[in-house]
Amino acid sequence: MSSGHTPDTHAVASLKRVISLLENENAQLYHKITKKPAQSLTREGRAVRRVVTLVEPVADLIAEYDRREVQATEQQVSSNSEVIPPTPEQQRTYRAYEKLIQWCPSVHKLVCPAGDADTAGFEVALACKELQKGADGARGDDGATLKAAVAQWLNESRPPPDPPFSSREKHGRGFNHDITGKLLCPVDYDWSNADIHSAIREFQPDFRVTAHSWPTFLYADGDYDPTRPAKGLFKGKYLVMAFRCIFTSPSSAQNELNSGNIPRASQPTRTTRKTRCHVARLLKMNSVQPRAIAYVATQLRFALSSCSSWVIVDEDFNHEEFYHNIVDYFELPSSPRKVAELDDLLMWWNQRIFGCQNTAHYRPQPVDSLSVSLSRRA
């Protein structure tokens, strides 16, 4: 008589036990990575789009770090191994990774584990998922905030726009409206020329709107001097307002509209900081970051456009390329003179956003060359 247990039955039972053990192991690992306060990694991930990278997945940044680590190990093991220089894209990704570990400190602990490699890999995968959720959620929230805020700011301009802008619908924005069309118009074209703005609206190839031209809203008062193309760049009124709206509060953006070109005298009051929870304070961002400027400029460009939902490429305009152009402008200066110009520009931004009394965070005092230190060494 058969016992009722065939070899196939034993195999199935054995596989079920293995699966059960693996599921239990995965559950323990998942508990290990999520035993921190609820949603802590998701909250940490909200910094990613704002100060790290516009669209790249967190996993891709970590993968570039891993690639370099493997390459370095291979070179140590074999002196004959060929040294392959990184491509410009890989360099850009690694620069973003360096920002990632600066603003998301949990990542550094995950990519430099002391324990089992398989466990570490599982933890990194789970962490990337949570960080990505926070990153994309923050970008969506900021986009929704600016969508309504921009309509309000433009409707309060004088003379008032005709027709007025809707805070819910965007089809009346972009090049469909003279006001947003002028703000979005590349500075290389003259929007006041009726033939030119008609050519832009008709997508004529000689007047394409791409990321190779700076839009007018980036310049102070919308003024562009082709003989001095950096004059007033990144000092546009609505750019500063959008930065405040995202990183300090929507009400502080309104203060920028009312204050004109006067730098803030101090930090926001304690009451003001509670509005929108002061994103800059939550990020521990005590000085304006170039990538934050690039992020805000991209968000503002999208808010001014007629595009109804977030896309990387809007007709001929590539938001990712636009973002990288701004980041490279700040992070890869072409000369010592440009370095000095950028230092002054960022000082201007810090005075605008954080107040004149907070400039020490951006430009610390050279105490070693002052009288107290000099007298001690005398």
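Me: Why is Thr73 called partly exposed?
Reply: This is a predicted model, and the label is computed from it. Thr73 has a relative accessible area of 43%. Buried means under 20% and exposed over 50%. The value falls in between, so Thr73 is partly exposed.

Me: Where is Thr73, and what does its side chain reach?
Reply: Thr73 is in helix α3, residues 58-77. Its side chain reaches the backbone oxygen of Glu69 at 2.9 Å.

Me: How do you know whether Ser373 is buried or exposed?
Reply: Its relative accessible area is 15%. Buried means under 20%, so Ser373 is buried. The residue sits in helix α16, residues 371-377. Leaving aside neighbours within four places in sequence, Ser373 is in contact with Val367 and Asp368.

Me: What class does Phe302 get, and why?
Reply: Phe302 has 9% relative accessibility. The limit for buried is 20%, and the value is under it, so Phe302 counts as buried. Phe302 lies in helix α13.

Me: Which residues are in contact with Phe302, beyond its neighbours within four places in sequence?
Reply: They are Lys170, Cys307, Ser308, Ser309, Trp310 and His319.

Me: What about the chain as a whole? How many helices and strands, and what share is buried?
Reply: The protein chain has 16 helices and two strands. Of its 378 residues, 43% count as buried. Take the contacts between residues at least 6 apart in sequence: 68% of them join residues at least 24 apart.

Me: Why is α2 called roughly perpendicular to α13?
Reply: Their axes cross at roughly 80 degrees. The range for roughly perpendicular is 65 to 115, so the label holds for α2 and α13. The axes come within 7 Å.

Me: Which residues meet there, and what are their classes?
Reply: Arg49, Arg50 and Val51 in α2 meet Arg291, Ala292 and Tyr295 in α13. By class, the contact of α2 with α13 has three nonpolar, no polar and three charged residues.

Me: And what makes α4 roughly perpendicular to α14?
Reply: The α4 and α14 axes cross at roughly 75 degrees and come within 13 Å. The angle lies in the 65 to 115 range, so α4 is roughly perpendicular to α14. Arg92, Arg95 and Lys99 in α4 meet His324, Val327, Asp328 and Glu331 in α14. The contact of α4 with α14 has one nonpolar, one polar and five charged residues.

Me: How do you know that the span of α14 is close to what is expected?
Reply: Helix α14 covers residues 319-331, with 13 residues. From first C-alpha to last it reaches 18 Å. The expected span at 1.5 Å a residue is 18 Å, so the reach is close to it.

Me: What caps the N-terminal end of α14?
Reply: Asn318 does. One of its side-chain oxygens lies 2.9 Å from the backbone nitrogen of Glu320.

Me: Which residues of α14 are buried, and what do they pack against?
Reply: Among them are His319, Phe322, Tyr323, Ile326 and Phe330. The buried residues of α14 pack against α4, α13, β1, β2 and α15.

Me: Why are Phe203 and Lys284 called exposed?
Reply: Exposed means over 50%. Phe203 has a relative accessible area of 51%, so Phe203 is exposed. Lys284 has 69%, so Lys284 counts as exposed too. Phe203 is in the loop between α8 and α9. Lys284 is in the loop between α12 and α13.

Me: Where are cis peptide bonds found?
Reply: One runs from Arg158 to Pro159, with omega near -5 degrees. Another joins Asp162 and Pro163, with omega about 0 degrees. Pro159 is in the loop between α6 and α7, and Pro163 lies in the loop between α6 and α7. Most peptide bonds are trans.

Key
Residues numbered from 1 in each chain as written. Predicted model: local features only at pLDDT ≥ 70, side-chain atom pairs only at ≥ 80, totals over all residues. Heavy atoms only, no water. Helix = DSSP H or I, 4+ residues; strand = E, 2+ residues; numbered from the N terminus. Buried < 20%, exposed > 50% of the residue type's maximum accessible area, 1.4 Å probe, protein only. Contact = heavy atoms within 4.5 Å. Axes fitted to C-alpha atoms, helices over the stretch in contact; angles between N-to-C directions. Parallel < 35°, antiparallel > 145°, perpendicular 65-115°, else oblique. Nonpolar A, V, L, I, M, F, W, Y, C, P; charged D, E, K, R; others polar. Polar contact = N/O pair within 3.5 Å; in protein donor to acceptor, adjacent residues only side chain to side chain.
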